[in-house]
Amino acid sequence: MSVQKLAIIGKEPPENYFHKGSDSGILDASVPLIQIPVVDIGLLSSPSTWKEDLHKLRSALSSWGCFQVINHGMTSLFLDQMRQVSKQFFSLPMEEKQKYSRYGDSIEGYGNDMVISENQTLDWTDRLYLTLAPEDQQKLKFWPENPEPFRKILHEFAIKSQQINEILLKAMARSLNLEENCFLEQYGERPLVTARFNFYPPCPRPEKILGVKPHADASALTILLPDKEVEGLQFLKEKEWFRVPLIRHALLINVGDQVEFSYACQWML
């Protein structure tokens, strides 16, 4: 059953959604808000202006593992359109969304957590998970045709995100005084790019249940478009949880395991 339907029913959620022990993070409003580095991508693109922001980027990578980016080439109107079509999809009747349901042994498509263990703690979220690149690996049967602009907007978002990814990977190399294509070459000419849309219905037990459990991303970089008004994302720094602030028009970049390992190795060298 979808989390959205559980929320509509309004009964006590099943036990496997309740977090127990040390995996629960911090679930109340006492988590402090902290300012994380903000990097101007426009400045990173020009040798005459990138010095200061390369320093910010290096500090963010070595000390934080995440940062906000501004001047990234996506207009506020476009970001609002991306948010809007996402909300419109999850607002569709269940029978319409189920046209894009994932298969039982796959993460791609519409659904919620794959249940792989009876002891698994589930996330309070419904998702739409899609492969964007390489194009020959796209499964368009999972790409919603309703709302009508969804596919076009997502395609444009994918192109712009890959441009951001290229700029950042080159800048990371320059921040270590390396040849600027060295990280790009590590990920090859056909890197896997995916999109994940998360929908978090109101939860009747927010003090016990998480939208997404504590985790690390296995990717190179995650480009996150947050809600404009509702906070929720937290990150762990030096064994303390912090809330990530909302910055108008900014995208949040989370450094995945692949880049963290590569960057750390080059840093030690």
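**Entry 1. Second largest pocket**

I looked up the lining of the second largest pocket and counted 16 residues, of which M1, S2, Q98, G111 and N112 lie nearest its centre. Two elements, α1 (3–9) and β3 (109–111), each give two or more residues to this lining. I note here that the model is a predicted one. For the volume of the second largest pocket I recorded about 310 Å³. Sorted by class, its lining comprises eight nonpolar residues, six polar residues and two charged residues.

**Entry 2. Helix α6**

I next checked the length of helix α6, which covers residues 150–175. Its 26 residues, at 1.5 Å a residue, should span 38 Å, and I found the end C-alpha atoms 37 Å apart; the two values therefore agree. The expected figure is 1.5 Å times one less than the number of residues. After α6 comes N177, for which I noted a positive phi, near 60°.

**Entry 3. Packing of α4 and α6**

Two packed helices are described by the angle between their axes and the distance between the axes. I looked up both values for helix α4 (residues 76–90) and α6: the angle is about 135°, and the axes are 10 Å apart.

**Entry 4. Backbone exceptions**

Most residues other than glycine have a negative phi, and most peptide bonds are trans.

The bond from A133 to P134 is cis, with omega near -5°. The bond joining N146 and P147 is cis as well, and I noted its omega as about 5°.

Which phi value does N71 have? I recorded it as near 55°, which is positive although N71 is a residue other than glycine. I located N71 in the loop between β2 (66–70) and α4.

How values were computed. Residues are numbered from 1 along each chain as its sequence is written. This is a predicted model: local features need pLDDT of at least 70, side-chain atom pairs count only at pLDDT 80 or more; totals for chains, interfaces and linings use all residues. Side-chain values use heavy atoms; hydrogens and water are left out. On a 1 Å grid over the protein atoms alone, a cavity is a set of points where a 1.4 Å probe fits but cannot get out, and a pocket is an open set with protein on both sides within 12 Å along at least five of seven lines; lining residues have an atom within 4 Å of a point. Grid points are joined across faces, edges and corners, and a volume is the space filled by probe spheres set on the points. Helices (H or I, at least four residues) and strands (E, at least two) are DSSP runs, numbered from the N terminus. Ala, Val, Leu, Ile, Met, Phe, Trp, Tyr, Cys and Pro count as nonpolar, Asp, Glu, Lys and Arg as charged, and the others, Gly among them, as polar. Axes are lines fitted to C-alpha atoms, for helices over the stretch in contact, and angles run from 0 to 180 degrees between N-to-C directions.
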